[in-house]
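Hi,

Here is the structure I promised to pass on. Have a look, and my notes on what turned up follow below.

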Amino acid sequence: MPLHYKSTVEGNLLDDIYASTDLSVSLPKYKIPKNEQSPRHVYQVVHDELMLDGNSRQNLATFCQTWMEPEIRQLMDECIDKNMIDKDEYPQSAEIESRCVHMLADLWNAPQATKTLGCSTTGSSEAAMLGGMAMKWRWREKMEELGKPADKPNLICGPVQVCWHKFARYWDVELREIPMEGDRLIMTPEEVVKRCDENTIGVVPTLGVTFTCQYEPVQAVSDALDQLQKETGLDIPIHVDGASGGFIAPFIEPELLWDFRLPRVQSINASGHKFGLAPLGVGWVVWRSEEYLPQDLIFEVNYLGGNMPTFALNFSRPGGQIVAQYYNFLRLGIEGYRKIHQSCYDTARYLADQIEKIGIFDIIYNGRGGIPAMSFCLKPEVSPGFNLFDLSDRIRSRGWQIAAYAMPAEREDLVIMRILVRHGVSRDLADLLLDDLQRCIAYFAKNPMQHGSGSEESSGFSHG
Ligand SMILES: *Cc1c(COP(=O)(O)O)cnc(C)c1O
């Protein structure tokens with residue numbers, strides 16, 4: 001390096017980050033830059049850009065975890081280089097995954113929990129694909145044995161999360177989704193049975209429906225399918241989408257029959273990163289017993305060393321979330337999970353009571369009979385000077401993210417707001433939210449929106 005550069009370099013090293021030459025120009029957005037830059041500088045820029053994301057703790061629209069114990073962060077850091085697919089190189093991580101599967105099988109009352117099959121996934125979406133595929137494969141085998149055509153499979157569900165729409169489209173299965181009707185916002189046994197035929201690969205009740213947070217009646221549906229089998233011989237399995245509820249019901253309502261205690265329930269999926277309290281990136285699917293997972297779907301892989309059966313859509317994937325899930329199981333135990341979820345229910349019900357008292361909202365879901373959450377709509381007869389989209393927009397000015405959205409098929413007229421109460425949403429935080437809600441309502445009373453009839457017909461209005 002020529003000597004006369006030395007002072008410049010030294011000068012650069014001591015520069016304040018924001019006064020440095022590389023940060024006083026705007027950084028490339030569409031092309032990878034030609035040369036290296038200082039890690040400290042680049043870190044600062046990326047870090048700063050992330051400030052513009054919302055504050056996840058104030059995002060009351062998400063079901064996913066936004067608060068972690070410091071020990072979880074530490075374990076995630078220690079696992080950053082662990083590839084969960086490489087079970088030969090990381091046998092202990094693989095062992096931990098397998099323990100989690102068996103603990104969940106036991107939690108969900110599988111008849112022989114220590115022998116059950118299951119696996120981790122990236123979330124409930126992947127888990128749902130795997131559960132759905134197993135149902136489709138088993139149905140096809142059955143039809144082939146009977147010498148019947150197996151080209152028109154269908155799946156019956158209530159108002160499902162988008163992953164089931166994806167499953168149906170990606171795997172060419174007709175989705176018979178039961179529409180909402182009046183005050184009935186979930187599936188009923190009668191509506192399920194009406195749609196069953198010999199091409200039905202399975203029924204998917206959701207434990208914690210995305211739109212309303214209610215539990216669908218798994219036991220009643222199972223009973224109705226038992227009756228159907230008696231009458232017609234059709235033996236239709238159930239897969240429970242327990243994305244949220246699978247990690248709540250066993251702790252809060254252990255007597256609720258929705259899991260493998262019902263013989264018709266053949267598989268269950270749940271999101272570790274929702275009420276399983278693990279960091280983002282882990283879900284689970286567990287089969288009632290080995291025979292429900294067709295061998296055809298399992299691949300033997302030996303090029304990582306050892307011979308490993310794999311059943312998943314992904315290959316390489318981080319192992320930290322699985323380890324964190326195991327940490328949570330040991331750290332919290334049944335009682336720890338119960339306490340955390342119970343306090344969330346208490347806060348959700350408190351919010352429902354307080355929001356009802358404001359007088360202009362109807363409570364759609366009050367935190368009872370589903371997951372820890374509450375939802376509300378505007379009373380049809382009020383004219384508060386805003387609709388729920390305005391309110392969602394306005395409350396964002398205090399950092400809160402609460403989505404306003406229309407219900408799915410046949411109740412698109414109903415626009416609601418939903419508040420998820422998760423680990424880390426304290427009673428105090430709920431009170432601060434209520435204050436802000438009151439402030440927004442007072443603001444709109446003084447500054448009514450022009451379209452703001454308050455009636456839901458303004459739901460299609462695009463604000464901005
Ligand atoms: C969140 C959710 C899913 C999708 O789960 P991910 O873990 O986000 O992939 C599926 N079904 C229901 C009922 C859900 O709540």
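Before the notes, one bit of bookkeeping on residue classes: Ala, Val, Leu, Ile, Met, Phe, Trp, Tyr, Cys and Pro count as nonpolar, Asp, Glu, Lys and Arg as charged, and the others, Gly among them, as polar. With that, the shell around the ligand comes out as two nonpolar, nine polar and two charged residues. Bear in mind that this is a predicted model.

Staying with the ligand: 13 residues surround it, and the closest are Ser124, Ser125, Asp241, His273 and Lys274. A polar backbone atom of Ser124 sits 2.8 Å from an oxygen atom of the ligand. Ser271 also has a polar side-chain atom 2.8 Å from a ligand oxygen. On the nitrogen side, an N or O atom in the side chain of Asp241 is 2.7 Å from a nitrogen atom of the ligand. On its own the ligand has 380 Å² of accessible area, and the protein covers 89% of that.

Now the domains. The assignment gives domain 1 (6-53), domain 2 (72-331) and domain 3 (342-458). Between domain 2 and domain 3, the C-alpha centres are 32 Å apart, and the contact takes 21 residues from domain 2 and 20 residues from domain 3.

What do domain 2 and domain 3 bury between them? About 1,600 Å², with 72% of it on carbon and sulfur atoms. On the domain 2 side, Met180, Phe211 and Cys213 lose the most area to domain 3, together 34% of what that side buries. The residues of domain 2 that touch domain 3 split into 12 nonpolar, seven polar and two charged. Across this interface there are zero salt bridges, but six residue pairs are in polar contact.

Cheers

Key: Residues are numbered from 1 along each chain as its sequence is written. This is a predicted model: local features need pLDDT of at least 70, side-chain atom pairs count only at pLDDT 80 or more; totals for chains, interfaces and linings use all residues. Side-chain values use heavy atoms; hydrogens and water are left out. Domain bounds come from an automatic or database domain assignment. Contact means heavy atoms within 4.5 Å. Buried area is the accessible area (1.4 Å probe) that two parts lose on being put together, summed over both. A salt bridge is a side-chain nitrogen of Lys or Arg within 4 Å of a carboxyl oxygen of Asp or Glu. A polar contact is a pair of N or O atoms within 3.5 Å; within protein, one must be able to donate a hydrogen and the other to accept it, and residues adjacent in sequence count only if both atoms are side-chain atoms. A residue is near a molecule or strand if one of its heavy atoms lies within 4 Å of it. Accessible areas come from the Shrake-Rupley method with a 1.4 Å probe; for residues, only the protein chains shown count as cover.
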